[in-house]
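Please read it with the sequence and the model side by side.

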Amino acid sequence: MRIAVLSLMFPAWTETFVQREVRALRDRGHEVRVFTFRPPIGPVVEAPAGVGIERWSGSAVKEFQPDVLYGQLGWEAQKATAATSEALKVPYALRLWSGLDSLGLPAECRAWYGGLDSPLCRGIVVEDAFMTEWAITMLRPGVPVHAVPN
């Protein structure tokens with residue numbers, strides 16, 4: 001499967017959890033390409049071998065021809081994932097992390113998550129029981145919430 005991961009910034013030392021997920025997807029035989037919205041802030045870590053990284057644009061994602069989109073860290077990346085999904089008619093899932101994605105969002109961002117009723121959205125991935133409860137209570141998504149430990 002060809003998976004386009006949209007992330008706020010990568011491969012930054014602050015996003016090692018994204019790196020682990022990207023590596024796990026690649027290790028399962030998927031072709032993974034990461035599309036970033038901005039350069040990493042601070043030190044850069046080595047990207048996983050065999051994973052392409054490039055700046056996000058709708059045309060770059062379209063050219064990759066993904067089977068699925070996976071919106072990672074940062075609501076801007078997640079919102080762009082949903083918009084790109086609609087434009088390309090490709091299914092997507094969103095990964096929400098405690099911290100920035102939950103506690104650091106202004107109210108209008110949380111309200112946007114609550115509107116995830118697109119038939120192309122396959123679910124929300126969170127890291128633990130706390131985030132499962134948070135997502136269900138705060139976002140009231142119309143899609144399944146899956147806990148996948150980091």
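1. The model is a predicted one. Please keep that in mind when reading the distances and contacts that follow.

2. Start with strand 4, which spans residues 68-71. Strand 4 pairs with strand 1 (residues 2-7) in the parallel sense, over four bridges. In this pairing, G71 has L6 opposite.

3. Strand 4 also runs parallel to strand 5 (residues 92-95), joined to it by three bridges. Here L69 has Y92 as its bridge partner. Together with helix 3 (residues 75-88), strands 4 and 5 form a right-handed β-α-β unit.

4. Next, look at E21, a residue of helix 1 (residues 16-27). Is E21 buried or exposed? E21 counts as buried because its relative accessibility is 12%, below the 20% cut-off. Its side chain makes a polar contact of 2.8 Å with the side chain of Y70. Beyond the neighbours within four places in sequence, E21 is in contact with Y70, Q72, R95 and W97.

5. The largest nonpolar core has 22 residues, and the members that touch the most others are A4, F35, L69, Y92, L96 and V126. Two or more residues each come from strand 1, helix 2 (58-64), strand 5, strand 6 (121-126) and helix 5 (129-139). Helix 5 gives the most, with four residues.

6. F35, one of those core members, touches A4, V5, L6, S7, E54, R55, W56, A60, V61 and F64, when residues up to four places away in sequence are not counted. Another core, of 16 residues, lies apart from the largest one; among its members are V22, V32, V34 and V68.

7. The structure holds two aromatic pairs. One of them is F37 with W56: the ring centres are 5.0 Å apart and the planes are at 20°, so this pair is stacked. The pair links distant parts of the chain, 19 residues apart. F37 sits in the loop between strand 2 (31-36) and strand 3 (52-55), while W56 sits in the loop between strand 3 and helix 2.

Terms used
Residues are numbered from 1 along each chain as its sequence is written. This is a predicted model: local features need pLDDT of at least 70, side-chain atom pairs count only at pLDDT 80 or more; totals for chains, interfaces and linings use all residues. Side-chain values use heavy atoms; hydrogens and water are left out. Buried means under 20% relative accessible area, exposed over 50%, partly exposed in between (1.4 Å probe, protein chains only). Two strands pair if DSSP finds at least two bridges between them. A crossover is right-handed if, with the strands pointing away from the viewer, the path from the first strand over the helix to the second runs clockwise. A polar contact is a pair of N or O atoms within 3.5 Å; within protein, one must be able to donate a hydrogen and the other to accept it, and residues adjacent in sequence count only if both atoms are side-chain atoms. Contact means heavy atoms within 4.5 Å. A nonpolar core is a set of buried Ala, Val, Leu, Ile, Met, Phe, Trp, Tyr and Cys residues joined through side-chain atoms within 4.5 Å. Rings of Phe, Tyr and Trp (its six-membered ring) pair if their centres lie within 6.5 Å; planes under 30 degrees apart count as stacked, over 60 as edge-to-face and the rest as tilted.
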